[in-house]
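The structure comes next, followed by the points grouped by topic.

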Amino acid sequence: MIDLPTASQLGKPNWINNLDIQGWNSDSTIFPEMIKEVEPKLIIEVGTWKGASAIHMASLVKFLNLDTKIVCVDTWLGALEMWTDREDKDRYLSLGLNLGYPTVYYQFLYNVIESGFGDIISPFHRHHKLQLDILKQKILDLI
Ligand SMILES: C[S@@+](CC[C@H](N)C(=O)[O-])C[C@H]1O[C@@H](n2cnc3c(N)ncnc32)[C@H](O)[C@@H]1O
């Protein structure tokens, strides 16, 4: 695996000052079930958004005293349906466009570091297909 900087090494955006950890089923019971079962050394999360599920997983591995790193793979450009309805607060507006480009990644960084998990979570800006090509050569615990 490429040696990636952690969120803490990258730094907390100083223009954001509030947590916004909105996600989808990010607190599902599947996370503690899988993590207890597998005790992974490395988790690759494909699709992270603002970090809700990554933060949930990080809190679990810390609680279980595991030495686990979490790599978050995302383009941070949003899914296609987020771009279609410009009135949709939960999707289009949540992209946080600045000069037409999404700023979700910066909220993710802020959330992860402010929640105290910046040392175990690393972002990896990739389309999932590029990421899978890299991973084909590796044996992983939990994707
Ligand atoms: C449903 S959200 C992830 C939710 C998140 N796990 C949570 O905490 O609820 C889906 C994410 O996948 C990302 N995404 C969509 N297509 C992608 C692709 N082909 N490669 C990488 N990321 C992608 C989007 O940018 C978005 O952040």
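Two residues are in contact if their C-beta atoms, placed from the backbone, lie within 7 Å. Among contacts in the protein between residues at least 6 apart in sequence, those joining residues at least 24 apart make up 82%. The model is predicted: local features need pLDDT of at least 70, side-chain atom pairs count only at pLDDT 80 or more, and totals for chains, interfaces and linings use all residues. Residue numbers start from 1 along each chain as its sequence is written.

**Overall fold**

- The protein has five helices and three strands, taken as DSSP runs numbered from the N terminus (helices H or I, at least four residues; strands E, at least two).
- Along the sequence these elements follow the pattern α-α-β-α-β-α-β-α.
- A compact globule of 143 residues would have a radius of gyration near 15 Å, and the protein agrees with its 15 Å; the radius is taken over C-alpha atoms, and the globule rule is 2.2 Å times the number of residues to the power 0.38.
- Taken along the principal axes, the C-alpha atoms fill a box of roughly 40 × 35 × 30 Å.
- Of the 143 residues, 27% count as buried, meaning that 20 or more other C-beta atoms lie within 10 Å of the residue's own, with C-beta atoms placed from the backbone.

**Helix 3**

- The end C-alpha atoms of helix 3 are 17 Å apart, which agrees with the 16 Å that its twelve residues should span at 1.5 Å a residue; the expected span is 1.5 Å times one less than the number of residues.
- Its buried residues are A52, S53, A54, I55, M57, A58 and V61.
- Cover for these buried residues includes helix 2 (30-38), strand 1 (42-46), strand 2, helix 4 (104-114) and strand 3 (121-125).
- N65, with a positive phi near 60°, follows helix 3.

- Not counting residues up to four places away in sequence, I70 touches I43, E45, A54, M57, A58, I120 and I121.

**Ligand surroundings**

- Around the ligand are 17 residues, of which G23, G47, A52, S53 and H128 come nearest; a residue is near a molecule if its C-beta atom, placed from the backbone, lies within 6 Å of it.
- Helix 3 (52-63) and strand 2 (69-74) each supply at least two residues of this shell.

Technical notes. A residue is buried if 20 or more other C-beta atoms lie within 10 Å of its own, exposed if 12 or fewer, and partly exposed in between; C-beta atoms are placed from the backbone.
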